[in-house]
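Colleague: Hi! Could you walk me through this one before class?

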Amino acid sequence: MQLLKKNVKKMFSIISLNLVFLLVPVWAAELAIQDKNASVDDEVVFDVLIGPCPNDVNALGFEITYDSTVLQYVGFDQAGGLADNLDNFSVGLVSAGLLRGGGYGAAGNRIQQNASGVLCKLTFKVLQYGNASLSLGNLKDDITAWTVQGGQFTSIDAYEDDDAYTLSKIIDKPQYRNFHDAGDVDWGWFYGEAGESYTIQALNLKSNSDVVLQLYDIDAQTILNSQNAGGYGIGESITWSCSVNGIYYIKTYQANSAIFGSDTDYTLKIVYPLGDAYEADDVVDSARVININGEPQRHCFKDQNDADWVKFYALPGIEYTIEAINLGISCDVILELIDSDGQTVLATKNDGAAGQKETILYTLAQEGVYFAKATFDPQSPKKRADFDSSMAFDIQVSSELICNEIPGSITGGIIQLSNPGIPVRNVNLFTNAPGESNTAQSLSNGLFLFKNHCSSSAPFTLTAKKKGYQTYSTTVAVDEGEAAEVNISMSCSGDVNGFGADITPKDALYAFWKYMEIEPPENDEMRGADICCDVTEDDDCSPADALCIFNKYLGIPSCLD
């Protein structure tokens, strides 16, 4: 435990607000193409850039060559670009891997000297993993003598950016990855259950892929196992038995960091002993956090009595969509929305047959943590003794986003202010960004993620709430399509079973019980909960904390004043 505290403290040593934004690209030539990266099957848009223009341009022509096995040309867009100054402009596909662009202006229409900015935008579809150069050449007319700078395309896997454990995603299905640049590192995580055995694999390595496969402890610092026995194109495997419940991490990197790009692909997979990555989640108390508008969670019924629970933080007056989608051919789901008490069923759906999705639309009246439960329909004609991957399905929770720009994301971690070695789990987070209905909850390692959060150039307020803690608020801004990082430290409020508004003698009793290591009675709302009572901020709950809380209730001067 002390090792965990020490390393988590190191992980979140910066507890004030941190914002991380990507740099705006710059170019050093008079005609240039922007560098870009994207994943397979994505569309990627390259800016063709001018600046500064050394002379007036009435007519221009150029060619672009590229690797057509990696990129497929889709089209161009000149709206709002410098090409609008010309009467006619176009970019055409001459042959696979060769584009020709050009335009002209009449009656004095031209691109003026010293102008700079985007000439036009070129859209490609990414066909496969690999790096590709977009080279400029064969300049014509008024730009014949211009300097040029080509663009570089780098294919990335769908799980980037994941170069740090704080940015990692859960490995709930086989993940197709690659090493896209020198020194690229891939992180992922999974839930480990005590007494269970897990097999972690790097499979299907391409000819330039030589994976180092490492398993990390819950502190994300201690290496439990490391494998690199194979070589190029040869897989790696770790078999490991878990002794303590928690979130564990997988790190992979190229043995030779100087080799990257084409043919460095591999598949990262975990064989789960209990059916899927989210087990054990059979009861409400073990429900897993699911992010609103985040990635779907891949579940699989391990037997006909299996139940899969998820939980999410919801705001009042917003319609939420809870879905079971991408069902296996034999999977027949009963989907339920459960109230904050973990018992009251608010809605049930079982309209579809095996292999068909189920959808609940529901507007919640109260702020709180709600649950979704998925079970196998016992009346299904697909009921059978053996349960396999045909019983798999995705759970997804979403709300309507009204964003005027491409969404971004917010990531970060939450720790106790008085004890930075302790992450704070199950914190509810929301923002007041325009058009935003996203919420998030922190995991057991204190990390949280707002996926697809509305971007806004103007700062907005991020709020974090949990019983027993002072509500935390800070300002944050999210640039279009980019990520902001916010690390939060939270203080105990003295209102152990609330949000700081109503301190009572019971709160002092909770603090004393925590000091004495006494569990609250059966049916008490705080039984099994995280109790925050270190109001004196001396690293642990003590009788002094109980006395401070009691004095605050009595109106006597206390440490909470």
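Modeller: Happy to; we'll chat about the disulfides, then a helix, then a sheet. This is a predicted model, where local features need pLDDT of at least 70 and side-chain atom pairs count only at pLDDT 80 or more, while totals for chains, interfaces and linings use all residues. Residues are numbered from 1 along each chain as its sequence is written, and side-chain values use heavy atoms, with hydrogens and water left out.

Colleague: Great. How many disulfides does a search of the whole structure find?

Modeller: Three. A disulfide here is a pair of cysteine sulfur atoms within 2.5 Å. One of them joins cysteine 492 and cysteine 532, with the sulfur atoms 1.8 Å apart.

Colleague: Which parts do cysteine 492 and cysteine 532 tie together?

Modeller: Cysteine 492 sits in the loop between β37 (488-490) and α2, and cysteine 532 in the loop between α2 and α3, so the pair links parts that are 40 residues apart in sequence. Helices (H or I, at least four residues) and strands (E, at least two) are DSSP runs, numbered from the N terminus.

Colleague: And is the disulfide of cysteine 492 and cysteine 532 left-handed or right-handed?

Modeller: Left-handed, because the torsion about its S-S bond is about -95 degrees. For cysteine 533 and cysteine 541 the torsion is about 110 degrees, so that disulfide is right-handed.

Colleague: What about cysteine 559: buried, partly exposed or exposed?

Modeller: Cysteine 559 counts as partly exposed, at 40% relative accessibility. Buried means under 20% relative accessible area, exposed over 50%, and partly exposed in between (1.4 Å probe, protein chains only). Its disulfide partner is cysteine 548, which counts as buried at 5%.

Colleague: OK, new topic. What do the buried residues of α2 pack against?

Modeller: They pack against α3 (543-554). Among the buried residues of α2 are Tyr510 and Trp513. Helix α2 covers residues 505-516, and glutamate 517, with a positive phi near 60 degrees, follows.

Colleague: Last one: what is the strand order in the open sheet of five strands?

Modeller: The order is β12-β14-β19-β16-β17, with mixed pairing. The edge strands are β12 and β17, each pairing on one side only. Two strands pair if DSSP finds at least two bridges between them. Strands β16 and β19 run antiparallel and are joined by six bridges; glutamine 214 has lysine 251 in β19 as its bridge partner.

Terms used. The expected span of a helix is 1.5 Å times one less than its number of residues. Contact means heavy atoms within 4.5 Å.
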